[in-house]
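Keep the 3D view open as you read.

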Amino acid sequence: MTTLTFDSINPATGEIVGSHPKQTPDAVHEAVGRAEEAAAWWAALGPAERRRRLLDYKAVLAQHLKELTTLVHQETGKPVGDATLELVLTLTHLDWAARNAQKVLGRRRVATGMIGLNLAATLEYLPLGVVAAIGPWNYPVFTPMGSIAYALAAGNAVVFKPSELTPGVGVRLAELFRESVPEHPVFQTVTGLGETGAALAGDPRVKKVAFTGSTATAKRVMAACAENLTPIVAECGGKDAFIVDADADLKAAADACLWGAMANAGQTCAGVERVYVVDAVYESFIRELSERVTKVKAGEHYGPITMPGQVDVIKRHIDDATKSGRVIAGGPESVRAPYVDPVIVEDVPEDSPAVREETFGPTITVRRTRDAQEALSLANASAYGLGGTIFSRNARRATELARLMRSGMTAINSVISFAGVPALPFGGVGDSGFGRIHGADGLREFARPKAIARQRFAMSGMNLTSFNRGPAELERLVRLVTFLHGRRKR
């Protein structure tokens with residue numbers, strides 16, 4: 001029987017980067033079966049040996065850094081420098097997950113309280129088994145490895161389905177893992193289109209799905225998972241806001257805003273798409289932004305639009321925004337597929353698609369606000385809630401605004417910096433999804449809490465969980481509870 005294949009294409013040149021099999025549901029089923037056996041072996045190795053293997057895998061990836069960055073560059077079109085940054089961040093997260101898994105997930109004693117005085121209680125986090133990772137194309141290493149590395153560190157086996165636009169990167173990540181863990185297929189990659197991902201998410205032996213993609217696709221994946229009550233962590237993109245307060249460093253703010261919006265051709269889930277600037281500094285900020293954007297060139301500072309269909313979305317948003325707003329940079333003529341030149345439009349209505357919908361291109365809308373509170377209200381009016389940015393010299397004020405921003409993460413006087421801190425959880429609210437990767441929360445996301453209570457000695461006259469319990473024991477319980485909890489606080 002002939003195996004059907006598909007090609008990965010360099011979006012900048014149209015050249016074929018590689019051909020990969022469209023793996024059938026049967027092939028996916030077999031991969032999950034292998035992973036199930038591997039998961040039992042991997043969990044039994046124990047945290048110390050898993051740590052050693054994962055740190056060795058980190059070294060292998062570092063040794064193949066140039067090869068991997070070249071492959072990312074070819075499959076996504078992004079500059080080699082951006083691909084290098086993606087790989088470096090991946091290594092830091094893999095290192096953190098390996099080194100901190102035991103501390104975060106290992107067994108620890110917990111207090112039992114007065115009622116449980118005769119008990120000893122412990123809590124630990126145990127592996128789930130097989131975790132399925134369904135990855136995106138915009139950051140084909142960093143984003144999926146934010147799930148894969150943490151799931152592996154937590155003691156699970158992983159089956160990874162990369163985007164059909166970047167399959168070669170996913171295949172290579174699993175191949176290199178076998179250099180550190182040759183005994184069993186603890187980390188496998190399956191390639192294909194939507195049918196392959198659906199088969200993986202719908203396999204009842206998969207104990208958790210880590211998905212990154214659009215909100216619409218996440219709903220379909222959730223529907224497949226619902227058949228088996230398989231839990232899912234979903235990262236579904238964003239429409240992140242950038243707030244410039246009256247006391248902000250405007251040069252630094254403009255520089256960060258531009259990079260956050262245009263890097264990777266705007267194809268960043270936590271990239272800048274909406275900018276709100278306090279009236280007192282609006283003109284000065286726009287002047288800084290206008291001067292800087294003229295020096296940013298598509299094809300030089302960032303690559304092409306990786307997914308061809310996204311060009312139509314970007315064009316629709318630009319057309320709508322430029323009809324109602326005032327163009328600062330670019331315009332409809334900026335779309336010259338597969339590239340899109342930088343576009344900045346001000347005074348775009350808040351109910352327009354360019355403000356409400358995820359554009360995923362090198363475009364931003366800018367709006368003047370009375371003050372930071374109005375900016376915050378507009379920022380929070382989005383259905384999305386992934387990341388965001390606050391620029392202000394007042395640390396206390398900036399922190400309070402960041403806390404009140406309806407998002408999973410917020411950067412202050414920097415942009416997307418939270419993604420580079422391995423100890424911080426990454427994830428959103430609303431249409432941006434739920435669950436977390438990275439940090440201690442990311443490790444716990446791929447483990448199940450196991451609680452154990454052990455009776456150390458019998459409590460004389462207080463056997464409450466017995467049919468031999470009498471009125472005197474209940475009376476003693478009432479007196480104890482009243483003593484512990486009956487005093488009102490004023």
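Start at F187: leaving aside residues up to four places away in sequence, F187 touches Y57, I148, L152, V158, F160, L173, A174 and F177. Bear in mind that this is a predicted model.

F187 belongs to the largest nonpolar core, a set of 142 residues, and together with V209, F285 and I344 it touches the most other members. Which helix gives this core its largest share? That's α4 (residues 80-105), with ten residues. And where does the core sit relative to the domains? Both domain 1 (5-236 + 437-448) and domain 2 (240-421) give residues to the core, so it lies between them.

Next, have a look at the sheet. Seven strands make up an open sheet with mixed pairing, and you can trace them in the order β12-β15-β16-β11-β10-β17-β18. At the edges are β12 (326-329) and β18 (411-412), each of which pairs on one side only. Over at the β18 end, β17 (residues 388-391) and β18 pair in the parallel sense over two bridges. If you want to find that pairing in the view, pick I390, whose bridge partner in β18 is I412.

Helix α11 (residues 310-324) touches β12, β15 (343-346) and β16 (363-369), and its direction makes about 35 degrees with that of β15. Helix α13 (residues 372-379) touches β10 (240-244), β11 (272-278) and β16, with its direction at about 160 degrees to that of β11.

Key:
Residues are numbered from 1 along each chain as its sequence is written. This is a predicted model: local features need pLDDT of at least 70, side-chain atom pairs count only at pLDDT 80 or more; totals for chains, interfaces and linings use all residues. Side-chain values use heavy atoms; hydrogens and water are left out. Two strands pair if DSSP finds at least two bridges between them. Helices (H or I, at least four residues) and strands (E, at least two) are DSSP runs, numbered from the N terminus. Contact means heavy atoms within 4.5 Å. Axes are lines fitted to C-alpha atoms, for helices over the stretch in contact, and angles run from 0 to 180 degrees between N-to-C directions. A nonpolar core is a set of buried Ala, Val, Leu, Ile, Met, Phe, Trp, Tyr and Cys residues joined through side-chain atoms within 4.5 Å. Buried means under 20% relative accessible area, exposed over 50%, partly exposed in between (1.4 Å probe, protein chains only). Domain bounds come from an automatic or database domain assignment.
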